[in-house]
Amino acid sequence: MSPKESCRNELRTAIRQLSDRCLYSASKWAAEQLVGIEQDPAKFTPSNTRFQRGSSSIRRRFRTNDITSTPPTGISYVSTPVMEEDEAIHGDFYLLAKSYFDCREYRRAAHVLRDQTGKKSIFLRCYALYLAGEKRKEEEMIELEGPLGKSDAVNRELVSLERELSTLCKNSMIDPFGLYLYGLVLKEKGNENLARKVLVESVNSYPWNWSAWSELQSLCTTVDILNSLNLSNHWMKEFFLASVYQELRMHNESLSKYENLQGTFTFSNYIQAQIAKVQYSLREYEQVEVIFEDLLRNDPYRVEDMDTYSNVLYSKECFSALSYLAHRVIMTDKYRPESCCIIGNYYSLKGQHEKSVVYFRRALKLNKNYLSAWTLMGHEYVEMKNTPAAVDAYRRAVDINPRDYRAWYGLGQAYEMMGMPHYALHYFRKSVFFQPIDSRLWIAMAQCYESEQLHMIEDAIKCYKRAANCNDTEAIALHRLANSYKELGCPEEAAFYYKKDLERMEAEDREGPNIVEALMFLATHYKTQKRFEEAEVYCTRLLDYTGPERETAKNLLRGMRMAQSGFPSMDVEHFHP
């Protein structure tokens with residue numbers, strides 16, 4: 001059996017088992033990967049190619065030519081185990097409980113299964129109790145603090161669930177799904193080390209539950225923790241590693257994993273979206289836009305991940321495209337957190353910041369832990385000069401994900417606005433630690449060092465150098481480096497960076513005052529160094545401009561000619577650039 005056919009058979013069985021246990025997110029994920037596996041050309045029919053038609057061009061762009069299957073050599077393929085089912089006499093109770101569960105009557109579902117002893121029934125009963133506790137926790141939070149308020153409300157089922165699941169685990173009376181739930185409970189209670197151990201046991205026993213992998217990923221906050229996991233070889237592990245690398249900002253490693261996976265899952269919309277998100281982190285916006293356009297052609301009612309697409313359109317100031325995307329998600333599913341964020345971005349781009357905040361708040365009412373909404377709402381409050389509200393929003397974001405560099409950067413901006421550069425510097429350092437390849441963060445930290453209160457020019461120069469090496473698309477770093485060296489009285493270094501900045505502006509066909517400033521400095525510097533030929537080149541270019549710089553250039557040329565002719569040199573020191 002080919003690797004593709006093996007993956008296909010495993011996923012088909014897993015989808016049924018996951019759905020039967022009401023793990024619908026994991027079931028949906030598995031089904032998307034199943035449809036994403038490239039079909040055998042001999043078996044092509046209109047029915048099994050309708051999700052794959054017309055979508056190969058962009059997918060081929062991100063595939064390597066030598067990959068024919070995934071995962072790499074050495075990955076073991078095992079058949080999906082047939083899980084132990086309850087006795088037929090108990091099946092009727094399970095069906096009733098599942099029906100209640102599907103109607104969100106969680107306690108009722110748990111009550112039906114109270115006397116059932118099969119592993120499948122025990123899992124669904126415990127899972128129903130867990131969700132009932134989560135539902136009540138959300139209700140208490142709204143009742144006590146409002147939909148966005150902080151609260152000490154907890155899931156009151158966690159203690160009893162931990163006790164029961166721990167006993168079952170010790171007595172080896174628990175299946176991989178029960179282990180997943182046990183790990184989830186331990187994580188909620190803050191016992192992260194044991195949670196990791198239990199979740200690893202769960203995914204090693206049953207690797208097709210993506211929800212278990214996702215919970216394990218959230219506990220892998222460092223590379224050392226990731227490397228300490230004792231994971232069995234399976235192709236699902238490749239999906240997990242790609243996702244963890246992405247979260248740990250190991251973008252090239254993540255991209256490589258996803259491209260390898262595309263060897264088998266050629267038409268997976270999930271992989272395509274993840275590649276787009278990695279490219280977004282690398283600020284390769286043109287490629288991201290192409291991928292998302294292709295995604296929407298193949299899956300026109302998709303809302304998941306479209307908030308990332310809206311961020312790209314916002315950054316590129318594509319009003320019409322963002323307006324169209326906002327209209328599209330409204331017609332598809334208006335009350336999804338992603339939809340609200342897209343609409344919020346649209347109003348932000350129009351400069352309607354108050355209205356934008358309304359939609360970000362709506363997104364958070366739908367999902368209080370929706371990270372992007374907290375961060376984007378913080379940005380809007382900064383635009384509105386409401387720094388206390390901005391600080392609160394950013395702090396909520398880092399509470400949810402301490403690795404969110406955008407929130408740390410936002411905190412730095414907010415404290416800088418409040419005239420507290422030492423605090424701002426602390427947060428900017430946090431942001432560059434988590435995203436060291438973003439030039440904007442280094443520039444922000446450099447400008448903080450340059451503030452009147454700190455005036456640490458040498459440190460600012462180090463930051464500008466890092467920014468210049470990080471694909472500074474806004475062309476700020478080189479100019480600021482030249483200015484900083486000029487301020488320090490280092491004319492040779494200043495001339496070097498002015499020249500580099502000038503070359504870049506010419507290559508990109510840029511215009512503006514920075515060109516005039518660079519030409520003026522270089523002309524004056526080379527004249528002082530008696531390198532008259534080079535100085536004359538820059539003076540001649542200044543003659544093309546109108547204004548005081550033209551007259552200064554004329555005087556510099558006149559002085560140089562007199563110096564070269566042997567006449568007493570003219571004092572041109574009073575001709576300030």
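Biologist: Leaving aside its neighbours within four places in sequence, which residues is Ala414 in contact with?

Modeller: Ala414 is in contact with Thr387 and Val391 once those neighbours are set aside, where contact means heavy atoms within 4.5 Å. Before going on, please note that this is a predicted model, in which local features need pLDDT of at least 70 and side-chain atom pairs count only at pLDDT 80 or more, while totals for chains, interfaces and linings use all residues. Residues are numbered from 1 along each chain as its sequence is written, and side-chain values use heavy atoms, with hydrogens and water left out.

Biologist: OK, and which helix is Ala414 in?

Modeller: Ala414 lies in helix 23, residues 405-417; helices here are DSSP runs (H or I, at least four residues), numbered from the N terminus.

Biologist: Is Ala414 buried or exposed?

Modeller: Ala414 counts as buried because its relative accessibility is 0%, and buried means under 20% relative accessible area, exposed over 50% and partly exposed in between, with a 1.4 Å probe and protein chains only.

Biologist: Switching topic, at what angle do helix 13 and helix 15 pack?

Modeller: Helix 13 (residues 235-247) and helix 15 (residues 269-281) pack at about 25°, and their axes are 11 Å apart. The axes are lines fitted to C-alpha atoms over the stretch in contact, with angles running from 0 to 180 degrees between N-to-C directions. Helix 13 is therefore roughly parallel to helix 15, since angles under 35 degrees count as roughly parallel, over 145 as roughly antiparallel, 65 to 115 as roughly perpendicular and the rest as oblique.

Biologist: Which residues make that contact?

Modeller: Helix 13 contributes Phe239, Ser243 and Gln246, whereas helix 15 contributes Tyr270, Ile271, Gln274, Lys277 and Val278.

Biologist: And the rings, how many aromatic pairs are there?

Modeller: The count comes to 29 aromatic pairs, taking rings of Phe, Tyr and Trp (its six-membered ring) whose centres lie within 6.5 Å, with planes under 30 degrees apart called stacked, over 60 edge-to-face and the rest tilted. One of them joins Trp29 and Tyr270, with ring centres 5.6 Å apart and planes at 75°, so this pair is edge-to-face. Trp29 is in helix 2 (residues 24-36) and Tyr270 in helix 15, 241 residues apart, so the pair links distant parts of the chain. Both Trp29 and Tyr270 are buried.

Biologist: What about Tyr485 and Tyr497, stacked or edge-to-face?

Modeller: Tyr485 and Tyr497 are stacked, at 5.7 Å centre to centre with 5° between the planes.

Note on methods: Helices (H or I, at least four residues) and strands (E, at least two) are DSSP runs, numbered from the N terminus.
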